[in-house]
Amino acid sequence: LTAMIPLIRTTGKSTGRRWHKIAKWTTFSVLAGCASVLLFVLLVALGVFGRIPGPNAIAEIHHDNASRVYAADGSLIGKYYLQNRPSVPVDAVPPHLLDALVAIEDARFFEHTGVDYRSLGRVLYYSILQNKREYGGGSTITQQLAKNLYPRGDYGRLTVPTAKIREMLIAARIEKVYDKREIL
């Protein structure tokens, strides 16, 4: 029995050192991962993966309307367009339609400033940790607007993360320039 006591003590110290090393490397790995993510976000914000429009560019957003061609008698002959999207003022849209849009697409639309971090956290948790895709995309109405106004580029495997970060940054800028009704 006395011959085993030094063996037990040695094993205890060795196990303690091993756990200390594991904890040290785990901490280092987590910090390195966080630093990498922050560096990536900074690179996207600085425009390395495509220009992020400034407040002036966002304030000057306009939609091209179809060109109309009329006959001499005033009748419409035809329209020329890339996309036939006439502008509609928000007051011309029935309130129940706006309520439905907000309820379906972005329930906390009037509470956030372009990015709904709670939805984003839910999507990250379920899609990355649980590998479930049925919990939505987590994009706000403003982020969807940003995606439509400034289409995604192709960056290979980094396309989706780059696009999501760009959309978040642009959405935050849109929310600073326009009020919620104008965004709708």
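## Thr142 and its surroundings

In this predicted model, the side chain of Thr142 makes a polar contact of 2.6 Å with the side chain of Glu175, a polar contact being a pair of N or O atoms within 3.5 Å, of which, within protein, one must be able to donate a hydrogen and the other to accept it, while residues adjacent in sequence count only if both atoms are side-chain atoms. Thr142 is found in helix H5, where helices (H or I, at least four residues) and strands (E, at least two) are DSSP runs numbered from the N terminus. With a relative accessible area of 0%, Thr142 is buried; buried stands for under 20% relative accessible area, exposed for over 50% and partly exposed for values in between, with a 1.4 Å probe and protein chains only.

Leaving aside residues up to four places away in sequence, Thr142 touches Phe109, Gly114, Ala171, Ile174, Glu175 and Ile183, contact meaning heavy atoms within 4.5 Å.

## Packing of H5 and H6

Helix H5 (residues 141-149) packs with helix H6 (residues 159-177) at an angle of about 110 degrees, and their axes are 8 Å apart; axes are lines fitted to C-alpha atoms, for helices over the stretch in contact, and angles run from 0 to 180 degrees between N-to-C directions. H5 and H6 are therefore roughly perpendicular to each other, given that angles of 65 to 115 degrees count as roughly perpendicular, those under 35 as roughly parallel, those over 145 as roughly antiparallel and the rest as oblique.

On the H5 side, Thr142, Gln143, Leu145, Ala146, Lys147 and Leu149 take part, and they meet Lys164, Glu167, Met168, Ile170, Ala171, Ile174 and Glu175 in H6.

## Asp116 and helix H4

Asp116 is found in the loop between helix H3 (95-105) and helix H4 (117-129), and it counts as buried because its relative accessibility is 7%. The side chain of Asp116 is joined by a polar contact of 3.0 Å to the side chain of Arg108, and by another of 3.0 Å to the side chain of Ser119. Residues up to four places away in sequence not being counted, Asp116 touches Asp106, Arg108 and Thr140.

The buried residues of H4 are Ser119, Val123 and Ser127. They cover an arc of only 45 degrees around the axis, which puts them on the same side of H4, the arc being that of the directions from the helix axis to the C-beta atoms. On the other side of H4, Tyr117, Arg118, Ile128 and Leu129 are exposed.

## Tyr80 in strand S2

Tyr80 lies in strand S2 (residues 76-80) and, with a relative accessible area of 59%, is exposed. The C-alpha atoms of Tyr80 and Arg68 are separated by 6.6 Å, although these residues are 12 residues apart along the chain. Tyr80 touches Ala66, Ser67 and Val69, again without counting residues up to four places away in sequence.

## The protein as a whole

The protein has 7 helices and 2 strands, and from the N terminus on its elements run α-α-β-β-α-α-α-α-α. Of the 184 residues in the protein, 22% are buried. Among the contacts with a separation of 6 or more, 62% are accounted for by residues 24 or more positions apart.

## Basis of the values

Residues are numbered from 1 along each chain as its sequence is written, and side-chain values use heavy atoms, with hydrogens and water left out. As this is a predicted model, local features need pLDDT of at least 70 and side-chain atom pairs count only at pLDDT 80 or more, whereas totals for chains, interfaces and linings use all residues.
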